[in-house]
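Hello,

Here is the structure I promised to pass on to you. Please open it alongside this message, and I will walk you through what turned up.

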There are 2 protein chains.
Amino acid sequence: MKRQFLFGLLILISFGSYAQSEKEDSLQMRAIYDEALVRGEAYSNLHYLCKNIGNRVSGSANAQKAVDWSFDLMENYQFDKVWLQEIMVPNWKRGSIENCFIQDADGNDIGLSITALGGSIGSNGVLAAEVIEVNSLEDLNNRDNKEIEGKIVFINQAFDQRFIRTGSAYGACGGIRWNGAAEASNKGAIAVINRSLSSKDDDFPHTGSMGYRDSIPKIPAMAISTEDSNFLSQFILDGNTKMSLELNCEMHPDTISYNVIAEITGAKIPEKVMVVGGHLDSWDIGEGAHDDGAGVVQSLEVLRIFKALNIQPEHTLRCVFYMNEENGTRGATAYAEWAKLNEDEIPWVAMESDAGGFTPRGFSVQADDIYFEAISEWMDLFNPYYANLLTKGHGGVDIGKLEDQGTVLIGYIPDSQRYFDLHHSDNDVFENVNKRELQLGAATMASLLYLIDTHGLPEKIKD
Amino acid sequence: MKRQFLFGLLILISFGSYAQSEKEDSLQMRAIYDEALVRGEAYSNLHYLCKNIGNRVSGSANAQKAVDWSFDLMENYQFDKVWLQEIMVPNWKRGSIENCFIQDADGNDIGLSITALGGSIGSNGVLAAEVIEVNSLEDLNNRDNKEIEGKIVFINQAFDQRFIRTGSAYGACGGIRWNGAAEASNKGAIAVINRSLSSKDDDFPHTGSMGYRDSIPKIPAMAISTEDSNFLSQFILDGNTKMSLELNCEMHPDTISYNVIAEITGAKIPEKVMVVGGHLDSWDIGEGAHDDGAGVVQSLEVLRIFKALNIQPEHTLRCVFYMNEENGTRGATAYAEWAKLNEDEIPWVAMESDAGGFTPRGFSVQADDIYFEAISEWMDLFNPYYANLLTKGHGGVDIGKLEDQGTVLIGYIPDSQRYFDLHHSDNDVFENVNKRELQLGAATMASLLYLIDTHGLPEKIKD
């Protein structure tokens with residue numbers, strides 16, 4: 001009887017303490033969201049990055065300006081440590097000439113909305129040839145080489161609107177941009193044009209990285225807007241195939257750049273590091289507002305919120321602005337290598353924001369199930385913020401470099417519907433970022449890191 | 001033993017049939033989403049409404065054009081019945097003169113971004129007076145009448161960014177627009193200006209309806225943009241109080257207008273009617289794209305999807321484009337009165353979309369708990385679409401008129417973060433609607449109506 005009584009008491013005490021802790025967590029989260037929504041600085045920081053610096057492809061003068069600005073900003077926030085990690089980055093330059101014309105039946109040249117893909121070689125003067133349309137890489141590979149040889153290949157594979165998460169649709173057609181040049185060249189093509197990987201019908205071409213293969217001749221590669229893809233397709237169907245194009249983009253030697261890093265050193269267990277970050281570089285069109293200006297200002301905002309609310313983390317909270325996610329991932333690779341060489345620096349947890357500054361939905365956990373289960377216990381705390389989604393899967397490209405180090409990788413998931421309308425295009429500008437959506441994202445990220453810091457995560461049982 | 005076996009068999013059979021039905025539901029929902037995302041027409045219909053007709057305040061020529069277009073469109077879709085319900089609507093006209101100036105220390109007039117509130121009287125020539133700032137209706141009411149008499153009252157109460165659902169923030173400050181004129185006039189003011197009920201700092205004033213009270217003199221009422229609210233506040237603080245304004249808006253006699261209605265008649269239980277709708281009128285600035293062009297084209301899209309997929313509903317599925325939600329709710333009132341007079345027409349279920357064409361989050365149920373519980377059983381089916389939120393609460397202004405008829409009221413809930421940036425302003429234009437978000441909303445609405453039609457709802461036990 002006594003034993004039963006004691007047992008009952010223990011349950012009551014432990015329930016009481018759980019309820020107490022849950023209440024404290026929910027109050028602290030409310031303070032975090034209030035700080036982000038009322039006094040947030042992510043949005044004004046993003047304004048500066050987009051409007052006073054602009055786009056910032058690796059190796060550019062703007063990328064260096066962004067590094068300098070980030071460093072100064074972190075120092076002004078008076079975090080415990082701020083430093084640069086030097087790396088070498090690819091240095092691709094778009095050049096001043098970029099055009100593509102199709103000739104109509106009367107011999108008139110009609111300009112098409114195109115943009116060089118990042119990494120493409122130039123055309124070495126004007127290339128004039130017949131254009132041939134294929135609807136996928138598979139279609140291309142099924143063609144006789146004779147059909148392709150000496151031609152410009154137009155790969156007109158559309159974004160599949162049926163996917164609910166647009167990242168999945170992007171992934172499903174991404175091969176035409178990544179592999180199009182090599183596959184087309186392998187069949188004897190002299191240039192390749194892919195339909196933009198875009199969820200919207202408009203006149204803005206979307207750039208992005210592409211690759212060559214050592215054994216296959218390099219050919220120029222570009223993207224064409226979705227509207228002009230439709231136009232070009234009809235034009236070809238009508239019997240017009242004379243195309244000319246010129247690009248003078250080129251790859252320069254690697255150059256020096258930096259990851260920019262700030263931390264609030266942990267009060268109790270400083271050697272356990274929670275990293276939060278996004279990538280500072282962007283493509284060289286638009287302003288890199290959602291991709292990934294949003295991710296870096298949100299990551300910095302997490303530290304700012306902790307400091308503003310006097311939340312002293314027990315573990316070290318570190319913000320990393322990775323350089324060169326877009327065309328090389330050199331920053332993230334260097335960070336992961338440095339951590340591996342300095343065992344104490346292997347991050348315990350790494351969170352990434354690189355899916356746009358849209359309304360928060362939740363997180364994706366890329367780690368053992370025990371971590372997923374532990375985090376899922378907290379997700380009801382996100383109900384009042386409509387950000388309680390937790391999925392298993394990809395954490396992010398930059399933090400992915402830490403995968404083999406046992407780090408718990410967490411991808412921040414915002415709503416995905418608008419991202420590929422503007423991603424890598426002239427439409428990715430500050431005006432298309434909503435202040436509340438951006439700030440809510442920062443609060444959501446800060447809240448989960450607060451919960452991890454406060455309650456810890458289970459110790460993984462070694463296999 | 002035999003009994004146990006039979007019991008076990010029954011469980012298996014019933015589980016099997018549940019699993020089967022769930023699978024069928026999930027396949028049908030996938031088809032609904034595919035139809036909306038790949039062949040959806042809500043977005044192109046909205047384009048026509050916004051760009052070929054434009055804004056359409058009750059009583060305007062544009063409102064009549066919108067009625068005609070809606071009727072023709074519904075007829076072209078070949079639904080079973082299409083008809084108009086005649087109603088009388090208020091007929092307020094903005095007029096051609098609308099300005100407000102503050103005078104600086106050198107006597108220069110500085111124009112402010114203002115817009116008349118819907119329903120305001122004109123100023124009958126130029127009104128010149130001192131302006132006085134208050135920060136709430138409470139602040140206004142605490143002032144001595146002497147402070148207010150003969151002055152223009154500027155109510156500078158900001159949108160509270162801490163609310164996560166922006167509709168709550170709108171509600172919290174909405175009183176300054178609804179009641180500002182009466183409260184200020186009651187203290188002797190000669191005009192009133194309220195800070196726009198907007199979540200964004202910009203230069204676009206937001207209109208909306210306001211009211212007078214019979215016993216209190218009517219005074220002109222207008223909204224000022226959030227940026228100019230900040231400017232004006234500082235200007236007053238600096239000692240500048242000379243203001244002049246002129247409006248020639250006026251109320252004309254009530255005029256004829258219409259609700260526009262289409263239905264697919266139920267195959268088995270036609271007398272049980274499921275209504276889905278939004279409001280066809282809008283304010284007279286911008287294009288009424290999100291408010292509520294989105295809601296009407298989504299509601300129509302629900303019927304189009306049923307027809308395109310050959311889903312023959314067992315119950316009648318009816319689409320109502322309500323007229324005059326913005327300044328009178330006359331359309332919804334007339335529809336509810338008509339239903340009450342014709343008992344078979346009392347809707348079983350009424351769904352409303354009037355919160356913008358943004359990413360779906362789920363639904364709000366305004367009905368007895370048994371209905372909420374029944375609908376909540378289905379919400380896991382919405383997980384793949386990230387639209388599984390179910391809350392209890394307000395269904396919508398138009399369907400709210402059916403509240404006393406026992407109708408199950410369901411409000412469609414899209415994401416709310418951007419709505420009050422543009423609501424009732426020149427920014428509420430087609431370009432600010434995202435196609436995928438709009439179409440996903442229509443699919444989400446169609447899916448829930450499909451589930452209700454297929455599985456029914458519990459019969460309410462009469463009290």
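Before the findings, one term: two residues are in contact if their C-beta atoms, placed from the backbone, lie within 7 Å. Please also keep in mind that this is a predicted model.

Let's start with how the two chains meet. On that cut-off, 21 residues of chain A are in contact with 21 residues of chain B. On the chain A side, the elements that give two or more residues are helix H1 (2-39) and helix H14 (435-455). Sorted by class, that side of chain A holds nine charged, seven nonpolar and five polar residues.

Next, how are the copies related? The same surface serves both copies, as 95% of the contact residues of chain A recur in chain B.

Now for the inside of one chain. The domain assignment divides chain A into domain 1 (32-92 + 253-455) and domain 2 (95-248). Taken over C-alpha atoms, the centres of these two domains of chain A are 33 Å apart. Where they touch, domain 1 of chain A brings 16 residues and domain 2 of chain A brings 18 residues. On the domain 1 side, helix H13 (residues 419-422) of chain A gives the most, with three residues. That side of domain 1 of chain A has seven polar, six nonpolar and three charged residues.

Enjoy looking around!

Best wishes

Key
Residues numbered from 1 in each chain as written. Chains lettered and ligands numbered in written order. Predicted model: local features only at pLDDT ≥ 70, side-chain atom pairs only at ≥ 80, totals over all residues. Helix = DSSP H or I, 4+ residues; strand = E, 2+ residues; numbered from the N terminus. Nonpolar A, V, L, I, M, F, W, Y, C, P; charged D, E, K, R; others polar. Domains from an automatic or database assignment.
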